[in-house]
Amino acid sequence: LSTASDAALPVRLSLNPLPLDTAAGVCMVVTNLTDERRREASLLASLREKEALLREIHHRVKNNLQVVAGLLHLQARRTTEPETRGVFVRSENRVLSMALIHESLYQSEDLAAVSFGTYLEKLVEQLLGAHRPERDTIRIVVMADEVLLPLETAVPLGLVVNELVTNAFKHAFTGRPGGEIRVELIRLAEGRMRVVVEDDGVGWDGGKSAGRNTLGMQLVRTLVGQIDGELDVRGGPGGTSFRIQARVGGVA
Amino acid sequence: MKRRVLVVEDEPIIRMVLEEVLEEAGWEVVVAKDGQEARARYTPEVELVLLDIRLPGVDGVELAEEFLTARPACRVVVMSGHGTPETVNRALRVGVCGFLHKPFSFEDVVSLLDELERGPVTSSARLAASPF
């Protein structure tokens, strides 16, 4: 069908048989779909606009977090006392681990979930860059299943891995020439996952020694609680293993 | 003589940190906040350009192409997000030799540039091999 000006007219045709006594009959209903199509197009345009806006927001959040990291870096450079400087550097890395989540969301197709395995690889690369003295002697391996995580799980879990890997860099190989850190992400049955950060270093003593029961470990426990996860820590002569189990779909 | 690097970045704090970090590492740093300033400061002494891919009013890849067409011996490292394949491919096609992915650790910038200094092939491989 077309309009008076020869433009194609979108219509829906419904044909129903009419049970007549004298002859066969058909009832035909023609519905003009012009308004419906217009509403659909408008909704689609609005959806695309919102997606673009959300993408831009993630981009800006990432940029702002990179600026915050820059401010912390500037402050660290003006601090001569090594411990205080370390505090600033650790904070800078925490902020960057969050920025990386927003970058990952910016790149993701549906803007709602992060490919956490890919994120872990980038995070480890970033942490290697931030630990220049250690990276020549410490090997780090990432083994990750493909797991999509929502923002509310990805940010705390990213911070947890950041803390544990940083902790291993700083303390796991004290008095040793080097070693290996393994980061694993395993998809389990029933919508659960396990994240493992383990090393073959000197073995954690449950925080009795200086430096390994600091803010980092407090953050790990708090953040694992935030995602309703369970933390299992095993330390011994063969190294230390941190295992976190949680739901893939976020907090119930 | 110090090697000269041109840092093109519209975000003042990032520009400031990069300037400090690179100066400490022995570079002579020239900074630019947009394409216009970058063109004006892209002198023959500039050996390396550290270029933000998203700049106001100019496409970073086009600016990189402009620089490399004018002087192919100069090296251009692009600062970007982890990038779509199209953007990365475009940048590689115009001759960009490396990527510094945002968010990046400022500790890493100098070592990446040093690596690039030690040999373009190896450095490019490391820098460009993992564009995502």
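1. Helix α5 (residues 151-172) of chain A lies across β4, β6, β7 and β9 (239-247) of chain A, in contact taken as heavy atoms within 4.5 Å. Its direction is at about 15° to β7(A); axes are lines fitted to C-alpha atoms, for helices over the stretch in contact, with angles from 0 to 180 degrees between N-to-C directions. Helices (H or I, at least four residues) and strands (E, at least two) are DSSP runs, numbered from the N terminus.

2. This is a predicted model, in which local features need pLDDT of at least 70 and side-chain atom pairs count only at pLDDT 80 or more, while totals for chains, interfaces and linings use all residues. Side-chain values use heavy atoms, with hydrogens and water left out.

3. The open sheet has five strands in the order β4-β6-β7-β9-β8 (chain A), with mixed pairing; two strands pair if DSSP finds at least two bridges between them. At the edges are β4 (138-144) and β8 (230-236) of chain A. Helix α6 (residues 215-226) of chain A lies across β8 and β9 of chain A, at about 145° to β8(A).

4. Chain A and chain B bury about 2300 Å² between them, 53% of it on carbon and sulfur atoms; this is the accessible area (1.4 Å probe) lost on being put together, summed over both. In chain A, Q66(A), R77(A) and R132(A) lose the most area to chain B.

5. Four salt bridges are counted between chain A and chain B, each a side-chain nitrogen of Lys or Arg within 4 Å of a carboxyl oxygen of Asp or Glu. One of them joins E24(B) and R77(A) (3.4 Å, N to O).

Note on methods:
Residues numbered from 1 in each chain as written. Chains lettered and ligands numbered in written order. Buried area = accessible area lost by both parts, 1.4 Å probe.
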